[in-house]
Amino acid sequence: MGTAPEIDATAPVPGVRGVSLVALAKDPFGYCMKAAQQGDGLVRLGAGPVRAYLVSHPDYVRHILVGNAANYIKGSIMDGIRLALGNGLFTSDGDFWRRQRRLMQPAFHNRRIQRMAETVVEATDASMASWAPAVANGTPIDILRESVQINITIILKTLFGTDIDDKRSTRLHDLTDQVFAGMTRRVWTFFVPSWLPTPGASAYGRAIEALDQEIYALIAARRAALADGDAGEDLLSALIQAEDAETGERMSDRQLRDEVFTIFIAGYESTATGVAWAWHLLTGHPEAAARLREEVDRVLDGRRPGYDDLAELTYTRQVVSETFRLYPAFPMYFRGSVEDDVVGPYAIPGGANIIISPYATHHDPRHWDDPETFDPDRFTPERYDARARDAYYPFGKGQRMCIGEPMSLTIAQLLIATIAQAYEVRAVPGAQVTGRYAMTYQPKNGLPVVLTPRG
């Protein structure tokens, strides 16, 4: 189960049957998930001059991201994303990427994540206090929206060392939504000449410019504070002061902007979405929710959670892991082949667009038993074996694995534990929850829940 078939090398990649490129333009996520069900984990999208391939078999994913990673760069398919993220860690390649990774790695050191844990609990407590009227009246709250607000607070405090008011938080959230919408539209026009106008291009540009103004202002303020002797315990201060050990160079404001834009855009949205999906799954599986509360009560014994508690909150971590299996924050990401290659039995030409889908892999019954079932115990040491590890990659694989993975998992685990300690969370009867793809994969119309205080 999960083993690639034995086929003569350089066999042609099977094409998608019964799904048109028009469907790709209308519903990229739905198109690709239908395509992934065909073939054995590698399928060609489109026909004629379009050279795009969807990859989901773990062996093929490992070849592209680990075995021959140098041949698969953040190619032209990423140009629409580069409009927003610039040449940051997520979009860059080669020597420049390696330099940026060296500069940024210390900013994500474990000690910094430990200090961040207190911010997570404080931000969650502050938001929970604001829920009191709704809780008292039995009024539903949107746990996606609340999780987003909490994560914006955490990211801004951790990244910039600053607090923001609700008005500015809402503006940042709105701008980020607009940027994500623009990315989503632009990335799927890889088969359209770049000079042709595309829907929403002007709005995308305006949202990027507006968010740029916010971020450059924060960079300028932090540089001024450092010049005045501020100790600078935040991530931005660490990035400003980081020196390349080989050259002694520091990041320019433009480089800082690209990295900060990436951290802010990807950081809060992906974690907030994961937390919302976790509560959706838990409200649908009361036995799992009861196990989670029992663990939180036993481990914490009435005190607020901290970083040192995470190792003991094992079932909570399993819930997070299973949530990211069913709903990886970024269900598809992109590469471009440099030279001709052989992936498994198939010939892949140079210059091809490659779409890698952890969502498709995570839902494939060839690699997971009963994959549509929410089962946190998949991630117990006894069951999370080599086969499962190979087929699980919500944060990527190899040297390009997401630098923010430890931070995201820490925030998610602490946020879920903090809420579970205070409330029982129930679904709103009759509420329909569906997903939508906008670079991340999130509940389309939010996620209403009813909270009941725990005694």
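**Core, helices and sheet**

Mentor: The largest nonpolar core has 127 residues, and Cys 32, Leu 45, Trp 131, Val 179, Met 183, Trp 279 and Phe 334 have the most contacts inside it. Such a core is a set of buried (under 20% relative accessible area, 1.4 Å probe, protein chains only) Ala, Val, Leu, Ile, Met, Phe, Trp, Tyr and Cys residues joined through side-chain atoms within 4.5 Å. This is a predicted model, in which local features need pLDDT of at least 70 and side-chain atom pairs count only at pLDDT 80 or more, while totals for chains, interfaces and linings use all residues. Residues are numbered from 1 along each chain as its sequence is written, and side-chain values use heavy atoms, without hydrogens and water.

Trainee: Which helix gives the most to this core?

Mentor: Helices are DSSP runs of H or I with at least four residues, and strands are runs of E with at least two, numbered from the N terminus. With 15 residues from the stretch 253-283, the largest contribution is that of helix α12.

Trainee: How are α13 and α14 oriented to each other?

Mentor: For α13 (residues 286-300) and α14 (residues 314-326), the axes come within 8 Å and cross at roughly 140°. Angles under 35 degrees count as roughly parallel, over 145 as roughly antiparallel, 65 to 115 as roughly perpendicular and the rest as oblique. The two helices, α13 and α14, are therefore oblique.

Trainee: In β8, which residue is the bridge partner of Tyr 53?

Mentor: Strands β2 (residues 52-55) and β8 (residues 353-356) pair in the parallel sense over 4 bridges; pairing requires at least two bridges found by DSSP. In β8, the partner of Tyr 53 is Ile 354.

Definitions and conventions. Buried means under 20% relative accessible area, exposed over 50%, partly exposed in between (1.4 Å probe, protein chains only). Axes are lines fitted to C-alpha atoms, for helices over the stretch in contact, and angles run from 0 to 180 degrees between N-to-C directions.
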